[in-house]
Amino acid sequence: MARLEDRFDPRLTRRQLVERAAGVGAALSLGPLLAACGGDDDEGGDDGGKIVIGSFQDNALAPLRDVFFKRFTDETGIKVQYNETNYDTWYQNAKNDGRNKSGNYDVYILDDNWVPEFAAGGIIKNLDELGVKKNPDILAKGLDQGYWPPKSGPRLKDFENDDPALYALVIIDDVEILYYNKEHFPSAPKTWDDIYNGMKSKADPPKLYGWAARGVKGNPIVQTYLPLLNAYGGSFAEDDWKPGFAGPEGVAALERLFTFIPYMPSGVAAFDTDEETQPLLQGKCMALTEYTGLVHRIDDPASSQVVKKIDTAATPAQEKSGPAIGTFIAGIASAPPNEDGAKQFLEWFTSSEIQKAFARHDGSAAVTGSALRDAQASNKFRWLPSIADAVDNSVPKPRTPDEPKMEDILGTALNEALVEAISKKSGYTQIAQKHLTDAANETTSYLKQQGGYFGA
Amino acid sequence: MRSAAPRIGLYSLLVGILLLTLFPFWWMIVTSLKRPVDIFAGVALWPQETTLDNYRVLFEQHHFRAFLVNSITIVAVSVGISLVLGTLAAYALTRFRLRLGLNDSALVGSLLVRMLPAILLVIPLYIVLSKYQLLDTRLGLILVYAGLNTSFVVWLMQSFLDEIPREIEEAALVDGDSRLSALRRVVLPLAAPGIAATAIFSVITTYNDFLLALTLTSTPDAQTVPVGVSTLIGKIQIEWGPMAAAGVVGALPIVIFALIVQRHFVRGLTLGAVK
Amino acid sequence: MAQAVATEARLGWRERISATPYFLLAPAIVALAAVSVYPLFYGIRASLEQYRYGREVGFAGLDNYRAVYHDETFWEALRVTLKFVVLAVTIETVLGLLLALLVARELRFAGSIRVGLILPMTIAPVVVGVIWRLLYASDIGVVNPLFSALGLEEPDVLAHTTSAFVGLVVVDVWEWTPLLFLILLAGVQGLPQEPLEAARVDGAGTMRVFFDHMLPLLRPVLLVAIVLRTIDAIGTFDQVFVLTRGGPGTATQLISIYGYNTAFRFSQYGQAAAMLLSLLAFMSILMVVAIRLMRRAAFGVESEA
């Protein structure tokens, strides 16, 4: 058949096959080659042994990774192997490791709202039972974050009568503080009314915004809202788990945020941390509330155009000041290969001396009073006393494994309310009331469905 | 003979589309060369001050070299395996009528595998790999990806192979070829554009897989580029500059692969086209 | 004579059931089963269990399914996903086909044009989300100034529900039209030229040739491309997560995001499994239909040739 000869060229076949085979062959040999080259294991076979610490990646932990683990090894002879990975992954990996007692880690560094789940689920050990020494210098409210059941606030029915025990030790006091540009606020604004009056008289959007906020649904906007909610006398959850944000206090708090709308960037409903902090760092925003991570950027010329111009204070008050507290917190795994080493590390890092060094190193949010109020550190890093004040005034979030879902429900409602308020420009009270009530109802029915909260 | 006008129109249209397609790419490159403070300073089509800091941070602080090496190795091997397995299977499915309606059920089955959401896969696969000590190893990921990729290789290749008329192989068989050599000498060259397209798609899908790599690895021993990129997303902050740099660096292996393979996008033969 | 007999016997291959194809098929089946059977069973079992404190605490029967079907957010996520997938895949297919037809002719720089056109899908989806978030950003993005330069109101794309959804579709179209283009290009180039030439010689215009002759022949490849892209679109995750996290409100909360949050953030793995298995069942039905359509298309072509 003449057509057949037209159709193919045998030479192409062999060439393709050879190419493909060569490619696979090269890749196959590349693998072992590179494996042979790279990857060295920290062998902890020496005197002190080693501990394995796992964490999620965050800039706040950089000093530990770069300085303090080495110092720990120098002072105790125990080597530190540090694995960090993405936040969501670490949450799963730590849980899997702890639940299955796989023994891959000695210490888990946690986000504080994981503590209820990890403690109740036996994923981390009871530190009181292990005899871990608690440094009395540690600020109380930061320390409290590691207790299960919580010392104050609503409790799950299953743990109603248990004595609070320490399950995790706080290592960084991540708390919300007020950042303000002292060129526009000569003295620290004390109340939300001060903030509003300040922006009304001086703000000139888009050259100068009065406020910036995280508006993305879920966790971000809830963090924006909490300092307001707590200040106005509301709460995330009351002592009986009923939502505390749908009453007049919660509505007033949200309305206050809405009054900032003309003075905030127009895209604020889609802002996360970077979009929020950029106006401040560019000198185009008068003030905002944020967690302590921002302190490392305000005086860094690579990130900031307002070096030395941003001051900090406790978050504004109305009835009172009520910043939300986050904390980086560390627990010991359920099946640690080196439990003594883990204990030693926790006690070492939270000791007054090391915490002072931590604060003096780069102005990190240390957990002890002596470190945060240390004159030498505060001279260099002016925000430290504000952090101490903020911790003392802080309001914890509800302690339950369902907190992320509660945050998602409230956060979605807040975001929808904000979007509506931005487009309607009026009727703030109704908008706030409607969405907050919806969120409260949804939260209550979710908690009822989960069980363990209300009544029998 | 075509006149010049439609040609020019055609090229202008293509150029326009290319510009739209490439602009975000350009934006990514530009962003990767800006300092963090400049990224948010305003709209700039070219950085006021270029810096290679983002790339430096990527390789020094974030183990990116290890991620690249892992990704390339894992993808090359697993895609190679799945191409072979899948093409053979597709060939069987298009050329034979099998018992028990296996043709249809095999296709549905492989599609089902493709449809399994990653979220449902991660925990059971974690457990399986853990049992065989394959967690945080390149081999573990290779095996998982080889299996998963085979699903759509089967699917894509069976449609490309379907296009090739049976008569060609029949002629080769009559001429004395065995089935496999007929496949190799006759069918595969004709299917070259299909194989190339399937290869590119497999490479991209495997290379960019995120959730599985994230869960099944924990150190730079086996972590891949997407995992590396994800470490740039903190709990509350994204490192934009290094992220853009990661996008540029991460895309390079695939672009290079595409350049190599793109010759085969065109059939190396003329199928009776008349000009 | 012997040759003719041998040919006769050979030509009956399609009706004969021989052992060879099973050997060709087996390795693939084993590979596929290895990665899917256990996870499927694990998922089904998980969907029947109650999760508390991050672990299974007891048998829940169909409670998870009940909870999911009563969850308004779940249905909302399905609606959003459906809208998104239909819109995005349709646009991508049409654009991809147009591009494939354009580029299938012999052009100069064809190689570079082809590589240029597929670049969007070579970028990691997370980075795609990040880049577009920068492009859409209200103060520093490119989209706002572009609109105001054209005399239109600045859209603040991600801050409003409808524009965020449209913005997401745009991102997906930008990223994945190249895939459709790639597959359809291979398909177009695989078409036998004789019937098309014959039609042209008979005087049929370009449109007639396309609709009456090319499209039917392309149906198998088209269906495969659409099916694969649809499956992937339903699972879109990384870009959306970075771009909007599912917001504003629930405007872009695809089922993948809601499922992910439910499984990994709210620790309700059982409910997430119930959600996703329900989705899987629904998708399987669709796919069976698609395969039937495709089989008919293949046989249709056979009888023409």
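**View 1. Packing of helix α5 of chain B on helix α10 of chain C in a predicted model.** Helix α5(B), residues 102–115, and helix α10(C), residues 206–234, pack at about 30° with their axes 10 Å apart (axes are lines fitted to C-alpha atoms over the stretch in contact, with angles from 0 to 180 degrees between N-to-C directions; helices are DSSP runs of H or I, at least four residues, numbered from the N terminus). The two helices are therefore roughly parallel (under 35 degrees). Leu111(B), Arg114(B) and Met115(B) meet Val227(C), Leu228(C), Ile231(C) and Asp232(C) (heavy atoms within 4.5 Å).

**View 2. The salt bridge between chain B and chain C.** The count between these chains is 1 (a side-chain nitrogen of Lys or Arg within 4 Å of a carboxyl oxygen of Asp or Glu). Arg114(B) pairs with Asp232(C), with the closest N and O atoms 2.7 Å apart. Chain B gives 106 residues to the contact and chain C 102 residues. About 9600 Å² is buried between the chains, 76% of it on carbon and sulfur atoms (accessible area, 1.4 Å probe, lost on being put together and summed over both parts).

**View 3. Crossing of helices α4 and α7 within chain B.** The axes of α4(B), residues 64–95, and α7(B), residues 138–162, come within 6 Å and cross at roughly 40°. Contact residues of α4(B) with α7(B) comprise 19 nonpolar, 10 polar and 3 charged.

Residues are numbered from 1 along each chain as its sequence is written, and chains are lettered from A in the order in which they are written. Local features need pLDDT of at least 70 and side-chain atom pairs 80 or more, while totals for chains, interfaces and linings use all residues; side-chain values use heavy atoms, without hydrogens and water.

Terms used
Ala, Val, Leu, Ile, Met, Phe, Trp, Tyr, Cys and Pro count as nonpolar, Asp, Glu, Lys and Arg as charged, and the others, Gly among them, as polar. Angles under 35 degrees count as roughly parallel, over 145 as roughly antiparallel, 65 to 115 as roughly perpendicular and the rest as oblique. Buried area is the accessible area (1.4 Å probe) that two parts lose on being put together, summed over both.
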